[in-house]
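Here are my notes on this one, as numbered points. Have the chain open while you read.

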Amino acid sequence: MVQPRKNSTGKRVTDRAGSIATFGLSLCLAATAASAQTASPSGNQPRPTQTGTSSGPDSSAMAGAQQQLYTVSGSSNSTATQDSFKGSVVEGKSSGTTIDLPLDDAIQRGLRNNLGIILQGASQRNANGQRLEELQALLPTITGAVSINVQQVNLAAYGLKFPGFNPIVGPFQVVDFRAYLTQNLINVSALQNYISSKHSFSAAKLTAQDARDMVVLTVGNAYLLCVADTARIEAVTAELATSKVSLDQAAAAHDAGTSPKLDVLRARVDYQNEEQTLISAKNQLAKDKLSLARVIGLPLDQDYRLTDLVPYAAFNDIDPQASVDQALKTRKDLAAQGEKVTAAKATKTSAWAYQLPVASFSGDFGDLGQTPGTSHSTYTATGQVTMPILQIAKTKGQIETATAQYDQEKARLADQAQQVNADVRDSLLDIQAAAKLVEATHSNVELANEALSEAQQRFKAGVSDNLPVSQAQSQTEQANDQYISALYQHNVAKLALARALGAAQTNYKDYLGGK
């Protein structure tokens, strides 16, 4: 089993961030943050759009997964950010007992409670609301009004004086019940604004779907860290027992007069170092479990145990180009960026169409009279065509702004396609490298254990002192530490490949279990 390794001076390295987190949470949290493009409610003048980049996971090796998991902080904005996927909304209360937490349960909790999912859902609803606002510019608008007007007029104040006629008229009242109708008949700019908002809404929906893959990757990474911590505790516990045997042997040899006191002191230092390492390993597990609870919405005072140890499973070779082609078809963030390009194109057309004539109709119908009983129906109907005549700078400015936005979105789409390509290839390379590391480190563990056994036997037989035993224990700890880190890297790389292919939510079991 694994124990924390020692450096060249024999001191144990207790900082796990550099040993286990070769693949960090940065791999998991290159989350996409979609922001919908918007258009003006006037239906005739396009507004500047707001878009955010959407990138796939960074598959480069990172040291510091725990550090990033601990700096959890949700975003107060309506759009999900990278930090949003580290937070959650707490579901329920602590049961007061220890519960079992399978990987499936952890992921389902994350899909329900993760802050990134919740914020992205709010962004989707916001985009839908903007779409409906733009739609209203193409639909009839009907309003109603009821008014009672009471007046008394002094005609003399207006210079109207008639002999024998009282200049004071009134008081009199007018009661009006009326409905007003407005309807755009031809408004190309408003139509293009609606098309833009429609595609922005589609982009928001796709981004929300992509966020679910990001949650699976985030929760899976946090779960795998806890699995690695558990393995470390078991390894250190086993090594502590081995150190106790060595200490007892050294003490017995010293009492028998066949070994110097230096051997006893060296063995005791090794044993106490193992005790310290065990304390550190348990503390690390407790912190990583808090981080896992944080991303899935589990109460932080809820005690739980991991039930899925996610053992090593070899991953069969697959064709990189075929995988890239699959990812280009299935990645939701790439599809969302395509929708943003279409939305920006419609906004550009809307800006150009602002100089076109707008045909509209307006009218009203109601009852007008001194009292409701003496009223009579009245109505007006107006059709008009309006168009800008002299606002060249404004129109040109709008077109340039919309064109620049369109060019930006096209460039982002091209870059996003390359990012998807890189995500897949990076993940495949990471899987291959991690698989070789697993094989190499596993062989090192076996050799180190054999060397330790040989050193213990030589010391017990009195052939040598216990310095080779101490050195062999250090080498065994380092080999086991590297083996667990390699297993962690391999599993995270497979999970990252599932995300890179856009299949993390549906097929993560296939990738973690081997394919």
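1. Which residue's side chain does Lys509 meet in a salt bridge? The partner is Asp104, at 2.8 Å from N to O; a salt bridge here is a side-chain nitrogen of Lys or Arg within 4 Å of a carboxyl oxygen of Asp or Glu. This pair links distant parts of the chain, with Lys509 in helix α11 (residues 504-512) and Asp104 in helix α3, 405 residues apart. Asp104 counts as partly exposed at 29% relative accessibility; the scheme calls a residue buried under 20% relative accessible area, exposed over 50% and partly exposed in between (1.4 Å probe, protein chains only).

2. Some ground rules before going on. This is a predicted model, where local features need pLDDT of at least 70, side-chain atom pairs count only at pLDDT 80 or more, and totals for chains, interfaces and linings use all residues. Residues are numbered from 1 along each chain as its sequence is written, and side-chain values use heavy atoms, with hydrogens and water left out.

3. On confidence: pLDDT is the predictor's confidence in each residue, from 0 to 100. The chain averages 83, and 84% of its residues reach 70 or more. Among the elements, α8 has the highest mean (95) and helix α2 (residues 65-70) the lowest (41). Go carefully with residues 1-78: pLDDT stays under 50 there, although the model has 265 contacts beyond four places in sequence for that stretch (a contact is heavy atoms within 4.5 Å).

4. The overall layout has 11 helices and six strands, which are DSSP runs numbered from the N terminus (helices H or I, at least four residues; strands E, at least two). Of the 515 residues, 46% count as buried. Take the contacts between residues at least 6 apart in sequence: 84% of them join residues at least 24 apart.

5. Back to helix α3, this time with Arg112. Its side chain meets that of Glu91 in a salt bridge at 2.9 Å, N to O. Arg112 lies in helix α3 (residues 103-113) and Glu91 in the loop between α2 and β1 (99-101), so the pair ties together parts 21 residues apart in sequence. Arg112 is partly exposed at 43%, and Glu91 is also partly exposed, at 30%.

6. Now a buried pair: Arg331 and Asp333 meet in a salt bridge of 2.9 Å, N to O, and both residues are buried. They belong to a network of salt bridges that also links Asp210, Asp423 and Arg499.

7. Helix α8 (residues 332-353) holds Ser350, which is buried at a relative accessible area of 0%. Its side chain makes a polar contact of 2.7 Å with the side chain of Asn193 (N or O atoms within 3.5 Å, where within protein one must be able to donate a hydrogen and the other to accept it, and residues adjacent in sequence count only if both atoms are side-chain atoms). Asn187 lies in the loop between β3 and α5 (188-255) and is buried, at 9%.

8. Finally, look at Phe162, in the loop between β2 (141-154) and β3 (168-186). Phe162 is partly exposed, with a relative accessible area of 48%.
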